[in-house]
Amino acid sequence: MEFYQIAVIVLVIVLLGVFVLPVFNRRQFKKLPADQQVLAIMKQANKLIFWKNISNGRTGNLFYVKNKRKILVYPWVLNENGKMVITKTNPFDKWDYPEEKAPLNEDEVKQARAELRRFSEKSAVKIIFNDPFEKCEAQKKP
């Protein structure tokens with residue numbers, strides 16, 4: 001084989017690895033059932049707090065992973081202003097994974113609220129969510 005033939009083969013392999021395979025993997029990930037998506041996201045989590053947004057156009061799910069073993073799923077839609085509106089009525093009621101769906105305790109709720117606000121400030125698209133605890137705090141303040 002000549003040098004240009006080897007260079008073309010190497011170039012094709014690199015292009016496949018850099019462009020085509022990641023696009024294919026994202027498509028396949030979106031087609032997975034929800035429980036398999038959760039397991040894959042838990043494996044991807046590399047920190048104590050990990051966020052993963054899976055978008056399907058104007059709708060999607062925002063995954064909040066805590067300690068690689070507890071997951072909250074926030075389903076969202078884009079409103080007319082281009083903001084993500086979380087459609088879950090009480091986003092802090094219980095964990096979506098593990099399957100027991102244990103309720104969040106007070107400290108976990110505070111941490112989840114703070115992390116969601118912090119993620120919203122960092123992201124390009126702002127997040128709007130129904131915070132049932134915000135009303136209680138407003139009533140306690142004089």
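Helix 2, residues 34–44, has four buried residues: Gln 37, Val 38, Ile 41 and Met 42. Buried means under 20% relative accessible area, exposed over 50%, and partly exposed in between, with a 1.4 Å probe and protein chains only. These four lie on the same side of helix 2 because they cover an arc of only 135° around the axis, the arc being that of the directions from the helix axis to the C-beta atoms. The buried residues of helix 2 pack against helix 1 (3–31), strand 1 (49–55), strand 2 (59–66) and strand 3 (70–78). Contact here means heavy atoms within 4.5 Å. Helices (H or I, at least four residues) and strands (E, at least two) are DSSP runs, numbered from the N terminus.

The model is predicted: local features need pLDDT of at least 70 and side-chain atom pairs count only at pLDDT 80 or more, while totals for chains, interfaces and linings use all residues. Residues are numbered from 1 along each chain as its sequence is written, and side-chain values use heavy atoms, with hydrogens and water left out. The pLDDT is the predictor's confidence in each residue, from 0 to 100. The protein averages 85, and 92% of the residues score at least 70. Confidence is highest in strand 4 (residues 84–86), at a mean of 93, and lowest in helix 4 (residues 132–140), at 55. Over residues 138–142 the pLDDT stays under 50, and the model has 0 contacts there beyond four places in sequence.

Two strands pair if DSSP finds at least two bridges between them. Strand 1 and strand 2 run antiparallel and are joined by 7 bridges; Lys 52 has Phe 63 in strand 2 as its bridge partner. The two strands form a hairpin with 3 residues between them, and Gly 57 in the turn has a positive phi of about 90°. Strand 3 and strand 4 are also antiparallel, with 3 bridges, and Val 77 stands opposite Val 85 in strand 4.

In soluble globular proteins, nonpolar side chains tend to be buried together. A nonpolar core is a set of buried Ala, Val, Leu, Ile, Met, Phe, Trp, Tyr and Cys residues joined through side-chain atoms within 4.5 Å. The largest such core has 17 residues, of which Leu 62, Tyr 64, Tyr 74 and Leu 116 touch the most other members. Strand 1, strand 2, strand 3, strand 4 and helix 3 each give two or more residues to this core. Apart from it lies another core, of 12 residues, among them Met 42, Ala 45, Phe 50 and Tyr 97. Leaving aside neighbours within four places in sequence, the contacts of Leu 62 include Trp 51, Leu 72, Tyr 74, Met 84, Leu 116, Phe 119 and Ile 127.

A salt bridge is a side-chain nitrogen of Lys or Arg within 4 Å of a carboxyl oxygen of Asp or Glu, and the whole structure has 3. One of them joins Glu 108 to Lys 70, with the closest N and O atoms 2.9 Å apart. This pair links distant parts of the chain, Glu 108 being in helix 3 and Lys 70 in strand 3, 38 residues apart. Glu 108 counts as buried because its relative accessible area is 10%.

Another salt bridge pairs Arg 118 with Glu 115, at 2.7 Å from N to O. Both lie in helix 3 (residues 106–122), 3 residues apart, about one turn of the helix. Arg 118 is partly exposed, with a relative accessible area of 39%, whereas Glu 115 is buried, at 14%. Not counting residues up to four places away in sequence, Glu 115 touches Ile 49, Trp 51 and Tyr 64. A further salt bridge joins Lys 88 and Asp 96, whose closest N and O atoms are 3.2 Å apart. Lys 88 is buried, at 17% relative accessible area, and Asp 96 is partly exposed, at 24%.

Some backbone features remain. Most residues other than glycine have a negative phi, and most peptide bonds are trans. A cis peptide bond joins Tyr 97 and Pro 98, with omega about 10°. Pro 98 is in the loop between strand 4 and helix 3, where Lys 101 also lies. Lys 101 has a positive phi, near 55°. In the loop between strand 2 and strand 3, Lys 68 has a positive phi near 60°.
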